[in-house]
Amino acid sequence: MKKLLSAVMLATCTLATSTALAVTPAEDHFETTDDAVQYRQAAFKLIGDVFGARLGAVARGDVDYDADAVKENAQTLKVLINLPWAGFADGREGGNAQDKIWGNKDDFNKKAQAAIDAVAELETASESGDLAKFKQAFAGVGQSCKSCHDSYRKR
């Protein structure tokens, strides 16, 4: 677990300082397939916490709208949404991912990029301080995630 958390923290720091992000890694840096699966699952868990729990509570009206908190969480999500894709290198099948990802990488990568783009729109909307814009962008992120889950996540 320490190795996994270190990898997530290193990736987060690297992404925070990087100006160009890619959906697919230049090279696979995991020692085992289990490491890749654990890495991407940990990244998705963090994404789920920020998107589903923190921002979702605001979008549903369970938590009062705090423009600064929403903006901060959207910025965090923008970093996190770039993390899991490194764990989907060729030969890293397993976990909750359907095997068809690896036979349909172009479509999978397009869906991953759509999620990255939707989160960028969410960050922009959060900077406006407008709750309606935030909710609309939040729905767009949800749709992009659902599209990929419907196609490539095991049920």
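The legends below describe close-up views of a predicted model.

Residues are numbered from 1 along each chain as its sequence is written. Because the model is predicted, local features need pLDDT of at least 70, side-chain atom pairs count only at pLDDT 80 or more, totals for chains, interfaces and linings use all residues, and side-chain values use heavy atoms, with hydrogens and water left out.

View 1. Helices (H or I, at least four residues) and strands (E, at least two) are DSSP runs, numbered from the N terminus. Of the 155 residues, 39% count as buried. Buried means under 20% relative accessible area, exposed means over 50%, and partly exposed lies in between (1.4 Å probe, protein chains only).

**View 2. Helix H2 is kinked at Gly-48.** H2 covers residues 33-60, and the kink centred on Gly-48 is about 25 degrees. The bend at a residue is the angle between axes fitted to the seven residues ending there and the seven starting there. Just after H2 comes Gly-61, with a positive phi of about 85 degrees.

**View 3. H2 packs against H3, and H3 against H4.** The axes of H2 and H3 (residues 67-80) come within 10 Å and cross at roughly 155 degrees. Axes are lines fitted to C-alpha atoms, for helices over the stretch in contact, and angles run from 0 to 180 degrees between N-to-C directions. H2 and H3 are therefore roughly antiparallel to each other. Angles under 35 degrees count as roughly parallel, over 145 as roughly antiparallel, 65 to 115 as roughly perpendicular and the rest as oblique. H3 and H4 pack at about 160 degrees with their axes 9 Å apart, so they too are roughly antiparallel. H2 passes H3 in a left-handed crossing, and H3 passes H4 in a left-handed crossing. A crossing is left-handed if the near helix is turned anticlockwise from the far one by less than a right angle, and right-handed if clockwise.

**View 4. H2 crosses H5 in a left-handed way.** The axes of H2 and H5 (residues 131-152) come within 10 Å and cross at roughly 140 degrees. That angle makes H2 oblique to H5. Ala-139 is in helix H5 and is partly exposed, with a relative accessible area of 37%. The C-alpha atoms of Ala-139 and Ala-59 are separated by 8.7 Å, although the two residues are 80 apart along the chain.

**View 5. Phe-30 and Tyr-39 are both buried.** The structure holds 11 aromatic pairs. In the pair of Phe-30 and Tyr-39, the ring centres are 5.1 Å apart and the planes are at 50 degrees, so the pair is tilted. Rings of Phe, Tyr and Trp (its six-membered ring) pair if their centres lie within 6.5 Å; planes under 30 degrees apart count as stacked, over 60 as edge-to-face and the rest as tilted.

**View 6. An aromatic cluster includes Phe-88 and Tyr-152.** Arg-40 lies over the face of Phe-88, at 4.5 Å from the ring centre. Lys-100 lies over the face of Tyr-152, at 5.8 Å from the ring centre. A charge sits over a ring if NZ of Lys or CZ of Arg is within 6 Å of the ring centre and within 35 degrees of the ring normal.

**View 7. Ile-101 lies in the loop between H3 and H4 (105-128).** Ile-101 is buried, with a relative accessible area of 1%. Its C-alpha atom is separated by 6.2 Å from that of Tyr-152, 51 residues apart along the chain.
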